[in-house]
Amino acid sequence: MEPSGGDVEYEPVSVKAVLSEMKDTAELLIDLSFSAVLNGSDDIAREVLELEARMDVLQLQARMSLLMAARSPEDAEQLAPVLGVVGAAEKISDAAGDIAKVVLEDIGLPDAMRAALPEAVETLVRAEVAADSELAGRTLGDLNMETETGVRVIAIRRADDWITNPDRTTALDAGDTVLLRGPDEGIADVYLRATGERYEPPEPPEPNIEDLERAVDSIVLMKNISELAVDLAYGSVLFDSAEVAEEVVELEAEVDALQSRFEAWTFRAAARVEDPISLRGLVHLANATEVISDAAVEISEGVLRGLGTHPVVEQAVEESDEVIVRQTVAPGSEFDGVTLGDREVKTETGMRVIAVRRSRDGEREWVIQPGPTTKLRAGDVFIAKGTRSGAERLGELTGTEYSAE
């Protein structure tokens, strides 16, 4: 861990609040770090390092508070998995920082990495709200931005403070740095309204080496699976579910397998590119992504080993800015045989279905980042992420009451 600058001394803090902020920050860091790479954005990469420095302080505060709380062998047994959750969040933060440095330190990255952008993630940009912007002084609910443009504000930096996962009641101030995610057309509109300047999207080049394309595709899939593993890991803690924790282990094994394939394709590509050193960045990305999936397993460690979930961790996950729900499609229900687009889940509830798990001929398969054309069938398990109110609305639609099980 690199020092973030300034002394950190013990002070009484709510472990629950610190853990909750660490969870939200870790998830945001994964998103931002890959967006920095795929967009070739130094600005977003610098935001990652700022958040990484904040995470360093949070993990020190959490460790000091937990040490103060351990007074007996029983306390140590209960708090050990909590330290594991803290350590895992720190590992995710450090891995995100390493990914950002691939951009900032100009470590070699092939053009094919940016060519993967349209298939990898929606566009993410950083914009500063101008003093005369029509967005300043208005809440996100009043702006109704996501419904009208498809663009959502995933985080706001206000001076040295961060607002992760802002909701409808969050107001934008002049001078705020907002992180916007959505389709290019919507991004261009919101960026202009926020800054008064036109948004110029990067032009992704055409990839020209097949093995390199495969290597890049592997990294994008590793990123998506690792991100899902972290979501499920926190879900396993929230639900105290060994079944969900086992799914995290399976996803981590899938990332390991992808990394092996990635290495083979990268070595093949190295013989066909003019400058093999330009592939160093890909290796850094793969290693950092594998660390993230390992950290997901560490978050689930207490549940996997039968130690259960310490109440402070369960409360921190439940009270974080986003909640995770896991539901099974019942036969004959409204969700049986329809697509996510048919049900308009995102529009009606604000919840994002981040993965669907189904069994076919005895084999489990995951649909990562499902879209509006993804069809749900009886027996499918879907994982959704969003606000608590959105989870309650989703429960109404599916006939299941939202709870932390």
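Analyst: A term first: a crossing is left-handed if the near helix is turned anticlockwise from the far one by less than a right angle, and right-handed if clockwise. Helices (H or I, at least four residues) and strands (E, at least two) are DSSP runs, numbered from the N terminus. This is a predicted model, in which local features need pLDDT of at least 70 and side-chain atom pairs count only at pLDDT 80 or more, while totals for chains, interfaces and linings use all residues. Residues are numbered from 1 along each chain as its sequence is written, and side-chain values use heavy atoms, with hydrogens and water left out.

User: Which hand does the crossing of helix 1 and helix 3 have?

Analyst: Helix 1 passes helix 3 in a left-handed crossing. Their axes come within 9 Å and cross at roughly 20°; axes are lines fitted to C-alpha atoms, for helices over the stretch in contact, and angles run from 0 to 180 degrees between N-to-C directions. Helix 1 and helix 3 are therefore roughly parallel to each other (under 35 degrees counts as roughly parallel, over 145 as roughly antiparallel, 65 to 115 as roughly perpendicular and the rest as oblique).

User: Which residues make that contact?

Analyst: On helix 1 they include Leu19, Met22, Ala26 and Leu29, and on helix 3 they include Val82, Val86, Ala89 and Ile92. Contact means heavy atoms within 4.5 Å.

User: And how are helix 2 and helix 3 arranged?

Analyst: Helix 2 (residues 42-69) packs against helix 3 (residues 73-104) at about 165°, with 9 Å between the axes. The two are therefore roughly antiparallel to each other, and the crossing of helix 2 past helix 3 is left-handed.

User: Back to helix 1: what span should its 25 residues have?

Analyst: At 1.5 Å a residue they should span 36 Å, and the end C-alpha atoms of helix 1 are 35 Å apart, which agrees. The expected span is 1.5 Å times one less than the number of residues. Just after helix 1, Gly40 has a positive phi of about 60°.

User: Changing topic: in what order do the strands of the 1-to-4 group lie?

Analyst: The four form an open antiparallel sheet ordered 1-4-2-3. Strand 1 (123-128) and strand 3 (161-164) are at the edges, each with a single partner strand, so one side of each has no neighbour in the sheet. Neighbouring strands are turned by 20° against each other on average, direction ignored. Helix 1 (residues 15-39) packs on this sheet, touching strands 1, 2, 3 and 4, and its direction makes about 100° with that of strand 1.

User: How many bridges join strand 1 to strand 4?

Analyst: There are 6, and the two strands run antiparallel; strands count as paired if DSSP finds at least two bridges between them. Val153 is bridged to Leu180 of strand 4, and Ile156 to Val178 of strand 4. Helix 8 (residues 184-195) also packs on the sheet, touching strand 1 and strand 4, at about 5° to the direction of strand 1.

User: Is strand 4 enclosed or open, and why?

Analyst: Strand 4 is largely enclosed by the rest of the structure, because 6 of its 6 residues are buried. Thr177, Leu179 and Arg181 point one way and Val178, Leu180 and Gly182 the other way, all of them buried. In a regular strand, side chains alternate between the two faces of the sheet.

User: Last one: is Gly235 buried or exposed?

Analyst: With 2% relative accessibility, Gly235 counts as buried. Gly235 belongs to helix 9 (residues 210-239) and, leaving aside neighbours within four places in sequence, is in contact with Val244 and Ile324.

Note on methods: Buried means under 20% relative accessible area, exposed over 50%, partly exposed in between (1.4 Å probe, protein chains only).
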